[in-house]
Structures are given as structure tokens and as C-alpha cells.
Amino acid sequence: MFEKLAAKLQEAIDRLRGRGRIGEEDLKSALREIRRALIDADVNVEVIRSFVEGVRERALGQKVLESFTPAEVVLATVYEALKEALGGEPRQPLLKERNLWFLVGLQGSGKTTTAAKLALHYKAKGRRPLLVAADTQRPAAREQLRLLGEKVGVPVLEVMDGESPASIRRRVEERARAEVRDLVLVDTAGRLQVDEPLMAELARLKAAMSPDEVLLVLDAMTGQEALAVARAFEEKVGVTGLVLTKLDGDARGGAALSARQVVGKPIYFAGVSERPEGLEPFYPDRLAGRILGMGDVATLAERVKAAGLEAEAPKAAKELTLEDFLRQMQQLKRLGSFSEILGMIPGAGKALPKGVEVDERAFRRLEAIVLSMTPEERKDPRILNGSRRKRIARGSGTTVQEINRFIKAFEETKALMRSLEKRRSRGLMGMFRR
Ligand code: GDP
């Protein structure tokens with residue numbers, strides 16, 4: 001998430017490392033870099049001004065304690081400023097005994113996908129959701145929600161062409177009562193642009209149904225544009241909270257960092273993949289930590305739990321086989337993309353040379369290599385002589401060089417694990433067992 005911004009902010013702070021004292025000039029140039037990073041991330045100018053001012057004041061105001069370096073002081077103040085810009089304390093919609101929520105937003109923002117994601121999210125928490133496909137003009141939009149509802153196992157009520165708000169309300173109430181549904185999620189109509197007739201229709205539906213929450217779904221990839229949309233919806237329809245989608249893509253961060261100040265509404269959730277499971281409550285503190293390379297072990301641990309992964313009984317490093325290695329990598333893979341996972345492990349992102357993207361395809365090649373080996377070879381790669389390596393390269397569609405590199409990486413990992421064992425750590429999965 002926000003890789004570019006993260007790299008630039010971390011660079012600005014890294015430059016202060018090793019300094020015993022921080023002079024006015026150092027701070028000035030660090031702030032200049034921070035400002036530039038925020039501009040590149042498409043953050044609102046007012047937000048940038050107060051952000052940089054806040055960091056300056058706090059950094060200067062800090063009593064430079066013996067035990068903290070200037071880099072640490074700046075890191076801490078930037079962390080606080082990021083957390084504030086992202087909304088401060090995490091906020092979630094208030095759940096009552098019975099709930100009716102609207103999802104509003106432009107077509108393509110991810111509104112329908114988010115409706116299904118929310119249904120799944122709250123179903124897993126023991127709620128009984130009902131989805132409502134409320135676009136009275138586009139049957140295709142209703143069809144899309146019906147299919148998604150089937151996928152997540154939540155019923156979908158479809159409105160009829162041109163159905164009146166009063167009739168929709170009546171049918172929704174009846175269905176919710178009959179089926180004891182306690183969370184009604186209304187996927188409202190979307191258009192490609194903010195248009196007056198749509199806003200008027202939404203306002204009428206809202207007046208008829210009095211939703212407890214109006215969640216505005218915004219595409220984070222559209223940056224500042226998303227916030228202009230947000231202001232229009234807020235003015236015409238009223239909004240209680242935001243969902244930012246497509247944060248898994250290369251969104252620069254502008255929408256997330258400016259929303260609080262520009263729209264004044266909390267971000268409740270983040271969309272992090274196209275799949276129905278790809279929705280996470282939005283935690284400003286965790287995200288700020290990730291942006292600054294401090295990791296986000298809390299989110300990673302939750303994903304481990306949600307994916308149903310068992311932390312394996314630790315094996316001694318010397319018994320580790322290529323099969324174990326592959327299995328562990330496959331497990332990690334289920335948690336998200338490698339680069340994303342590395343970003344959640346404190347310090348791990350830094351272990352990669354700057355600018356190196358972890359190639360997902362590379363993983364599939366490694367998998368092919370291991371699958372082309374005989375069981376004996378997987379157990380003991382030392383028997384892999386030249387002709388065996390050639391055979392495996394042919395079988396897996398890779399090269400002998402790749403195999404050499406892979407075996408070397410495996411041996412190095414084993415060596416690393418051995419040294420970790422000495423420090424009585426239990427490996428990567430061991431981090432999640434407290
Ligand atoms: P709607 O027109 O607002 O209802 O938007 P859709 O729900 O149809 O989503 C538009 C496109 O964005 C679809 O291809 C979705 O799969 C995709 N999408 C939605 N949310 C996310 C997300 O969080 N991450 C990614 N990568 N894609 C998303």
C-alpha cells in the first residue's frame with residue numbers, strides 16, 4: 001500500500017540516522033522531502049500544510065531525550081501526523097439490534113463488490129444480512145449483486161424497474177422481518193458521474209427508508225477526484241462514513257490521507273482485493289506504521305487466523321526439507337501478495353534492496369521446480385548433481401541457473417533459521433504465537 005510514499009518518507013527519515021543532534025537545517029531539509037513526498041502522493045495542499053507544520057512543531061517541541069536519536073524523534077512525530085491525517089482512532093459503524101445501511105457511490109467505485117464484502121464480513125461475525133439491489137434503472141447492476149450474493153451465501157432482494165421508494169421500503173421491511181434479517185445492506189444506484197437526477201433519487205430513497213448509516217464507497221485510485229465526489233454526495237445525500245476501495249492497487253495515498261480533513265468523515269473500511277474476503281476495517285495507526293516501515297504484525301496475525309493457518313510445530317532447521325519450504329511459502333501466499341506481506345513484517349521490507357519488486361511469477365517457477373523433483377531430492381537437495389538439475393530444469397520449464405539460485409537460497413534460509421534457533425525464536429510463523 002502506498003509504496004512510493006512509504007519509500008520517500010522512509011528515505012527522508014533515514015537521512016537523519018546517525019546524527020547525534022538535529023540542527024534547524026537538517027529538519028528543514030527533511031520537512032522539504034516530506035512535503036514533496038506528500039505532493040507526489042496527491043495529498044490535498046491544505047492537508048500537506050498542516051501535516052508539515054505539525055511535524056515541525058512537534059519535532060522542535062520534543063525535549064531531545066538522551067535515549068532517543070533525532071531520527072527516532074522525527075519518525076515518531078511523522079507517525080503521529082500520518083495517523084491523525086488518516087483519521088486518528090479507528091472507527092466502525094455502530095451496530096444496533098436492527099440495522100439498515102446504504103451504500104452510495106459512483107459506478108465503478110466498487111460499491112456492489114463492497115456490499116457483498118460487508119455482507120460476508122458481518123455474516124462471519126454472526127449477523128444475518130440481507131442485500132438489496134436497489135438500482136431501479138439498471139437490471140445489469142441488480143444481476144451483478146444477485147451473483148455476488150450467491151457467492152457469499154447472503155440473500156438478495158431485487159427492486160423492480162421504476163419501483164417507488166415507498167414500495168421498496170415496504171418490501172424490504174417485510175422480507176427482513178419474515179427472514180429475521182438484522183443487517184440490511186442497500187446497494188443504491190450508481191452513475192458514471194455525479195448527476196442531479198441520481199442525487200435526487202438517492203435523497204428520496206433515503207427519506208423513505210431512513211438508513212442508520214450512509215456509506216460512501218470511493219475508489220482510492222482516483223485520488224483527489226474521489227474527494228470532490230465525496231463532497232458532492234455529502235452535500236446532496238449526506239454521508240456517515242467512507243469505504244476506500246482498491247487500496248491493493250497502486251493508489252498513491254492522497255484520498256486516504258486527505259479524506260478526514262477534506263470530507264470530515266471517518267474511513268470505516270478498506271478494500272484490499274477483488275475477492276469477497278478483501279475488506280478490512282481501517283486502522284489509521286496500523287497503516288501509518290506500515291507506511292513508515294514499522295510493520296503491521298497485528299493485521300498479519302489476523303490474516304493468519306482468518307486463513308485458518310495452523311502455526312506448524314516447529315521443525316529443527318537441520319530437518320527442514322524443500323517440501324517444508326514450499327509448503328511454508330504456499331501458506332504465506334494465501335495471506336496476500338509477497339510484497340504486501342513483507343510490508344507487514346517489521347524491518348522485512350528493508351531487507352529487500354530498494355526498488356526490487358517481489359515477482360509473483362517467480363513463486364510459481366519455484367513451485368514448478370520443487371514439483372519436478374523426486375521425493376528423495378526434495379528431502380536431501382545435496383544429491384542434486386548436474387544431470388539431475390538438468391532434468392529438473394527441463395521438467396519445470398526453468399533453467400539450471402535458477403535451480404542453483406533456489407537451492408542456494410534454501411541453504412541460506414536453513415542457515416538463517418539455525419541462527420534464529422540459537423536465539424530461541426521459532427521462525428516466521430512463531431511470531432504469531434504469543
Ligand atoms: P460498482 O459499479 O461501484 O458497483 O463497482 P463494482 O463493485 O462493480 O467494482 C468495479 C470493479 O472494481 C470490479 O472489477 C471490482 O472487482 C473492482 N474492485 C472493487 N473493489 C476492489 C478492491 O478493493 N480492490 C481491487 N483490486 N478491485 C476492486
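Where in the chain does Ser210 lie? Ser210 sits in the loop between helix 8 (196–209) and strand 5 (213–219), helices being DSSP runs of H or I with at least four residues and strands runs of E with at least two, numbered from the N terminus. The model here is predicted, so local features need a pLDDT of at least 70 and side-chain atom pairs count only at pLDDT 80 or more, while totals for chains, interfaces and linings use all residues. Residue numbers start from 1 along each chain as its sequence is written.

Overall, the protein has 20 helices and eight strands. Of its 434 residues, 38% are buried; a residue counts as buried if 20 or more other C-beta atoms lie within 10 Å of its own, as exposed if 12 or fewer do, and as partly exposed in between, with C-beta atoms placed from the backbone. Two residues are in contact if their C-beta atoms, again placed from the backbone, lie within 7 Å. Among contacts with a separation of 6 or more, 74% join residues 24 or more positions apart.

Back to Ser210, which is not a glycine and yet has a positive phi of about 40 degrees. Ser210 is exposed, because 8 other C-beta atoms lie within 10 Å. Asp42, also not a glycine, has a positive phi of about 70 degrees. Asp42 belongs to the loop between helix 2 (24–40) and helix 3 (45–61), and it counts as buried because it has 20 C-beta neighbours inside 10 Å.

Next comes a helix pair. Helix 9 (residues 224–236) and helix 10 (residues 254–263) pack at an angle of about 30 degrees, their axes 9 Å apart. That makes helix 9 roughly parallel to helix 10. Axes are lines fitted to C-alpha atoms, for helices over the stretch in contact, and angles run from 0 to 180 degrees between N-to-C directions. Angles under 35 degrees count as roughly parallel, over 145 as roughly antiparallel, 65 to 115 as roughly perpendicular and the rest as oblique. On the helix 9 side, Gln224, Ala226, Leu227, Ala230, Arg231 and Glu234 take part, and they meet Gly254, Ala255, Ser258, Ala259, Val262 and Val263 of helix 10.

Helix 11 (residues 284–291) is mostly covered, with seven of its eight residues buried. Those buried residues are Pro284, Arg286, Leu287, Ala288, Gly289, Arg290 and Ile291. Just after helix 11, Gly293 has a positive phi of about 75 degrees.

In helix 13 (residues 322–333) lies Leu322. Leu322 counts as buried because it has 20 C-beta neighbours inside 10 Å. Leaving out residues up to four places away in sequence, Leu322 touches Val370, Met373, Arg378, Pro381 and Phe410. Met160 is 162 residues from Leu322 along the chain, and the C-alpha atoms of the two are separated by 57 Å.

After helix 18 comes Gly397, with a positive phi near 65 degrees.
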